Structures are given as structure tokens and as C-alpha cells.
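Please open the model in your viewer and keep the selection tool at hand. The stops below go from the whole chain to single residues.

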Amino acid sequence: MLLLLFIVFLIQFLTYWIFDPLASFLEYFLAIRLFPVIALIVFVWLFSGKNIYKN
């Protein structure tokens with residue numbers, strides 16, 4: 001039981017150690033760098049003439 005608990009904690013620690021820097025970098029990059037581009041694409045799509053239903 002303790003061995004299983006140790007293995008689970010080890011896997012969680014290694015997963016956090018490997019993926020946390022990558023996740024924080026992607027979060028910073030997507031939130032700061034790409035936000036104007038994503039917002040511009042959303043606004044163009046939202047206010048484009050194709051999305052207005054014509055009677």
C-alpha cells in the first residue's frame with residue numbers, strides 16, 4: 001500500500017516537474033502575445049457580413 005502511494009506521488013511530482021514550465025510558458029505566450037490576434041479574428045468573424053441572416 002505504501003509502495004503504491006509512493007509511486008503515485010512520484011508520478012505526480014514528475015508530471016508537475018516536467019509539464020509545469022511548459023504550461024506556464026504557453027499560458028504566458030497565449031495570454032500576452034496572441035491575445036490581440038485572437039481578439040481581432042473573433043471581432044472580424046463576429047461583425048462580418050456573412051454572419052448576418054438576410055430575410
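The tour starts with the whole chain and then follows its parts.

This is a predicted model, in which local features need pLDDT of at least 70 and side-chain atom pairs count only at pLDDT 80 or more, while totals for chains, interfaces and linings use all residues. Residues are numbered from 1 along each chain as its sequence is written, and side-chain values use heavy atoms, with hydrogens and water left out.

Of its 55 residues, 4% count as buried, meaning under 20% relative accessible area with a 1.4 Å probe and protein chains only, whereas exposed means over 50% and partly exposed lies in between.

Next select residues 2-33, helix H1, whose 32 residues reach 45 Å from first C-alpha to last, close to the 46 Å expected at 1.5 Å a residue (1.5 Å times one less than the number of residues). At Phe19, shortly before the proline Pro21, H1 has a kink of about 40°, the angle between axes fitted to the seven residues ending there and the seven starting there.

Move on to residues 35-46, helix H2, where 1 of the 12 residues is buried, so H2 lies largely in the open.

Definitions and conventions: Helix = DSSP H or I, 4+ residues; strand = E, 2+ residues; numbered from the N terminus.
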